[in-house]
Amino acid sequence: MNDLLRFLLYRIERVVFTNILVQKFGGTSVSTNERRNMAVSKVVNAIEEGFMPVVVVSAIGRSGDPYATDTLINFAKSINKDIPRRELDILMSCGEVISSVIFANTLIGKGYKAKVFTGGQAGIITDDNFGSADIIRVEPKYILDSINQNIIPVIAGFQGMTIDGDITTLGRGGSDTTAALLGEALKAYAVEIYTDVDGIMTADPRIVTNAHILKKISYNEVFQMAEQGAKVIHPRAVEIAMRGNVPLIIKNTMTDSPGTIITQYNNAYSNIYETDNLVTGIANMNNRVQVIMEVDSDDKDIFEKIAESKISIDLINIFPDKKIFTISESDLQKLEELLKSNIIKYNIRKNCSKVSIIGNKIRGVPGVMSRIIKALSKNGIEIYQTADSHNTISCLVSQDKADKAIKILHDEFKLENYN
Ligand code: ADP
Ligand code: MG
């Protein structure tokens, strides 16, 4: 290779990648001194390997713990449950702020230079949809200044700021989103998501004890798994990482396991090639409600009204005399009010779970749906509804049978044998 070509390749690579490594630590990973020390050791390892870490943290612990976000919300609501959304967001942003200071102070205590940034200071600019704000742009100027001074930036996840300076929060999985956004904006080498499992598994290991760790998975498949309820990473974060072409790596804070690499398939850099596996994983979403509306085809605009009320529906089946779909239990009250005010007859079935199998090859292979139906019926699990899309097949079952259904499908598609 001549020198000019080598120089050009070098330039191109530098444009694409930096040595910045975004490392996000979830709630359990920062919940105790012992765990924070393990998390800090991951940051130190990154430095020793020549990376410049950019740390993103979630709030400390889970509901009930003193500084967890739910605890703060319950405190405020115990005084007045109608706290305004803007004020609630200021409160909700505190959990991550506390966590970032504690984390940075752990680093500083070990002799490293670190500096804390709120979401707004990190340049995450959002709209004013408090509680679930949308990103307008990311301007990580102060983060870059910190990196250039070799000071580890520690960023409070899950939050941003409006153009007018109001603090906002990013909704469920918001810290994953913060990490992916910074990964994209900083052209990071990768975004590592540290959590309490060894990586993305073929199913939630709390449900399927012999679930298998997936060493590699494509953005598309993991996005589908996340969309269908696998809570290990938030779908919005996957979308952002994919857009920025930044690899995501899911790892366990408490072990040295290599984790799961998420990139594009058939990408020369990632060395990830599509496998012949039919099914990649199984996910489920609880607290679904099946709605059966008795309407004829003239009543088309009821779906428009449902959409206008921001109620998201799925598993939609249309028949001449009825329309069947599912919603989240949290939207039920809103939907019932809407249907009643439009004088629409309906029935509901509560406590359902949507169980989905995900795999890039599902569409092209005949007989997958019938295998699912056979396996579940043989084991006495009634299926209320099914739906298939490009790489997902979903079945609605009773929530108290969901775990059993997942185990049966995990066996049926022999997912424990993956590598
Ligand atoms: P964090 O607080 O670190 O963000 P989460 O609770 O959001 O952690 O995500 C980790 C959890 O996701 C695991 O404890 C696991 O029970 C659950 N999970 C659900 N589906 C999967 C899956 N397919 N692979 C791995 N973990 C999963
Ligand atoms: Mg999470």
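## Where the two domains meet

Let's start at the boundary between the two parts of this predicted model. Across the interface of domain 1 and domain 2, the rule finds zero salt bridges. What the rule does find there is six residue pairs in polar contact, with both residues at pLDDT 80 or more.

Which helix gives the most to the side of domain 1 that touches domain 2? That is helix 8, covering residues 219-227, which supplies four residues. Sorted by class, this side of domain 1 has seven nonpolar residues, seven polar residues and three charged residues.

## The two domains

Now let's step back and look at the parts themselves. The domain assignment of the protein gives domain 1 as residues 3-272 and domain 2 as residues 281-417.

How many residues of each domain take part in the contact? On the domain 1 side there are 17, and they are in contact with 19 residues of domain 2.

## How much surface is buried

The size of an interface is often given as the accessible area lost when the parts come together. Here, domain 1 and domain 2 bury about 1500 Å² between them. Carbon and sulfur atoms carry 58% of that buried area.

Which residues of domain 1 lose the most area to domain 2? They are T202, I207 and Q228, and together they make up 41% of what the domain 1 side buries.

## Around ligand 1

Finally, take a look at ligand 1, which has 19 residues around it. Of these, T195, D196, M201, D204 and R206 come nearest.

- D196 has a polar side-chain atom 2.8 Å from an oxygen atom of ligand 1.
- D204 likewise places a polar side-chain atom 2.8 Å from an oxygen atom of ligand 1.
- For R206, the distance from a polar side-chain atom to an oxygen atom of ligand 1 is 2.6 Å.

Key: Residues are numbered from 1 along each chain as its sequence is written. Chains are lettered from A and ligands numbered from 1 in the order in which they are written. This is a predicted model: local features need pLDDT of at least 70, side-chain atom pairs count only at pLDDT 80 or more; totals for chains, interfaces and linings use all residues. Side-chain values use heavy atoms; hydrogens and water are left out. Domain bounds come from an automatic or database domain assignment. Contact means heavy atoms within 4.5 Å. Buried area is the accessible area (1.4 Å probe) that two parts lose on being put together, summed over both. A salt bridge is a side-chain nitrogen of Lys or Arg within 4 Å of a carboxyl oxygen of Asp or Glu. A polar contact is a pair of N or O atoms within 3.5 Å; within protein, one must be able to donate a hydrogen and the other to accept it, and residues adjacent in sequence count only if both atoms are side-chain atoms. Helices (H or I, at least four residues) and strands (E, at least two) are DSSP runs, numbered from the N terminus. Ala, Val, Leu, Ile, Met, Phe, Trp, Tyr, Cys and Pro count as nonpolar, Asp, Glu, Lys and Arg as charged, and the others, Gly among them, as polar. A residue is near a molecule or strand if one of its heavy atoms lies within 4 Å of it.
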